[in-house]
Amino acid sequence: MSRARPKKARRSRYRVSYRLTRSVPAAIIAVVLLVVITGVTLTYKRFDDFINATTGHHLNPVTEVVQAVDPSPGTIAYKLKHGQRVNILLLGRGGYENDAPYLTDSIMAVSIDPGTNRVMMLSIPRDLVVQMNLQSTSNRIWTNKINAAYEVPYTSIICCVAPQYQGRDGGGHAAEHEVGKITGLTFDRYIAIDFKAFRDMVNALGGVDVCLTTNLDDYTYPNYGHGYIAIHYKAGCQHLSGEQALQVARSRHAIEPQQSSDFGRSRRQQDIMQAIKKKATTVNGWAEAPKLLDALQKNIHTDMSIADMKAIYDWGKNLPDSAIIRLALTAPSGAAAGNFLYSGNCGMGNASQLCPEDPSYRMIHQYIASAFVDQSLLAERAPVQFANGSYTFSDLADRVTTMLDPLGLQLGNPISHGNAAKTLILDYSGGQFPKTTAWLANYFGGQVIAATPASPQPARGQQTYGIVVVLGHDFGARWFT
């Protein structure tokens, strides 16, 4: 049933942007390629052992050269060369030092669009509950958090696992399947790295320099047994060892609100990965390639080939920050409006869990499919404001503003509006922003109305210039099945 929420008096909100730091996959792939490229200085057997451990295949120099020069259709190298989208799933897991070694603590979908030279990075929270179908009987449903998908072929948590989710890459393919249902993306490859590889990788580089915007004090950080320790890091820049970098990346219960949210955690993780990438591509980093090989060999798994990794690295090594679109699926928190999720009980009892507002994921699919907004539309720089006239969510305008802010639109503060059955696109510009107006009308299914400062009567706090989108009940109802 719909969980209609009565409207309430609005209060000023700080609008959170998801424009974070540099690309996580670029950092991981840079480190792996560092080992690959400098592998010529190692014995062939040692280098082949590394390739076999991480990809499950032995090194075939002839094949790799052929794929680099003339890639086969369907490969990542081929798709990038021919302007086709490439989707990679990045997974961070506990590893054997953790009491749940195969649960993925970090999940990120990366979509590369060579046609526009942009990359979308989407963070999926580990506590999102999904109805998984990974068993031989396709209509058999297993309700669990999304972070459990990867562990299915490696544990006895469920029976009768379908053949395509068994074997060495079964966990990656299971996670691809379930994250694909949520996002609407079809993944080309996956990369999974565990905590030990992360920690050893940082140590092999001699540590990394990371800056924190606030203090980070977490009194319930999990130790390597079944207890907790307190960790404390001051605001500002500091040099971190592998263990310290892992603590900063993993911390979930800091007493500082800016650090305890999923958003804050994602920002720290990306800052650290950027620091790793920076360190790995220095002269000193190249000198540490043999140590990096040892650090990564047993603790990173992927179904990517060397040609795949080189193609991605070559395509994106000089990509500017402005070309990276950073998105996150979130629920409302004390400091920020969420977007597509809410905190509640969606099948996991008293466990911490997040549920989709729209269990069909149609709204998320539309959002992801629309992430690469045409650059000529963004060049209009149309001032846009969202007003909530729906009867469903009291915070719908806040959610939509937070949702669309990373796409590059020029958004004002969201406001409340009188009840509206239909969504309206109020154009106060006299047609000055045609592409933006058309995009908004298509996305929200609204009727475009030529407006003036006096008509229709503006709501309190409403701008009377640019474009105002009055979100009606028709749009609010689309969030429910």
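Visitor: Why does L134 count as buried?

Guide: In this predicted model, L134 has a relative accessibility of 1%, and because a residue is called buried when that value is under 20%, L134 falls in the buried class. L134 is placed in the loop between β4 (129-132) and β5 (142-145), and, apart from its neighbours within four places in sequence, it has contacts with A149, V152, V161, A162, Y165, A174, H177 and E178.

Visitor: What makes G170 buried?

Guide: The relative accessible area of G170 is 0%, and since the cut-off for buried is under 20%, G170 is classed as buried. G170 belongs to helix α5 (residues 170-183), and, when residues up to four places away in sequence are set aside, it touches P153, Y154, Q164 and Y165. The C-alpha of G170 is also 8.0 Å from that of V152, a residue 18 positions away in sequence.

Visitor: Why is H173 called partly exposed?

Guide: H173 also lies in helix α5, but its relative accessibility is 27%; because partly exposed covers the range between the 20% limit for buried and the 50% limit for exposed, H173 is assigned to that class. Beyond its neighbours within four places in sequence, H173 has contacts with Q164, Y165, Y190 and D303, and its C-alpha is 7.9 Å from that of Y150, 23 residues away along the chain.

Visitor: How do you know whether C160 is buried or partly exposed?

Guide: The value for C160 is a relative accessible area of 42%, and because buried requires a value under 20% and exposed a value over 50%, C160 counts as partly exposed. C160 sits in the loop between β5 and α5, where its phi is near 55 degrees, a positive value in a residue that is not glycine.

Visitor: What makes R381 exposed?

Guide: R381 has 54% relative accessibility, and since exposed means over 50%, R381 is counted as exposed. R381 is located in the loop between α14 (375-378) and β15 (383-388), and its phi, near 50 degrees, is likewise positive in a residue other than glycine.

Visitor: Why is T214 counted as buried?

Guide: T214 has a relative accessibility of 16%, and because the buried class takes in values under 20%, T214 belongs to it. T214 is found in the loop between β7 (208-212) and β8, and it touches K234, A235, E256, Q258 and Q259 once residues up to four places away in sequence are left out.

Visitor: How do you know that the side chain of T214 makes a polar contact?

Guide: The partner is the side chain of Q259, at 3.1 Å, and since a polar contact needs N or O atoms within 3.5 Å, the pair meets that distance limit.

Visitor: What is found at the start of α12?

Guide: There, a side-chain oxygen of S305 comes to within 3.0 Å of the backbone nitrogen of D308. D308 is among the buried residues of helix α12 (residues 306-316), which also include I306, A307, M309, A311, I312 and G316.

Visitor: What makes helix α15 mostly covered?

Guide: In α15 (residues 396-404), 9 of its 9 residues are buried, among them A397, V400, T401 and L404.

Visitor: Which residues of the largest nonpolar core touch the most other members?

Guide: This core has 71 residues, and F386, L404 and F444 have the most contacts with its other members. F386 itself, leaving out neighbours within four places in sequence, is in contact with A397, V400, T401, L404, L411, P414, I415, L440, F444, V469 and L471. A second, separate core of 45 residues includes V210, L240, A254 and I306.

Visitor: How do the residues lining the second largest pocket divide?

Guide: The lining is made of 7 nonpolar, 10 polar and 11 charged residues. The pocket has a volume of about 650 Å³, and of its 28 lining residues, N98, D99, R126, P222 and R250 lie nearest the centre. Strand β8 (residues 216-222) provides the largest share of the lining, with 4 residues.

Technical notes:
Residues numbered from 1 in each chain as written. Predicted model: local features only at pLDDT ≥ 70, side-chain atom pairs only at ≥ 80, totals over all residues. Heavy atoms only, no water. Helix = DSSP H or I, 4+ residues; strand = E, 2+ residues; numbered from the N terminus. Buried < 20%, exposed > 50% of the residue type's maximum accessible area, 1.4 Å probe, protein only. Contact = heavy atoms within 4.5 Å. 1 Å grid on protein atoms, 1.4 Å probe; cavity = no way out; pocket = protein on both sides within 12 Å on 5 of 7 lines; lining within 4 Å. Points joined across faces, edges and corners; volume = space filled by probe spheres on them. Nonpolar A, V, L, I, M, F, W, Y, C, P; charged D, E, K, R; others polar. Core = buried A, V, L, I, M, F, W, Y, C linked by side-chain atoms within 4.5 Å. Polar contact = N/O pair within 3.5 Å; in protein donor to acceptor, adjacent residues only side chain to side chain.
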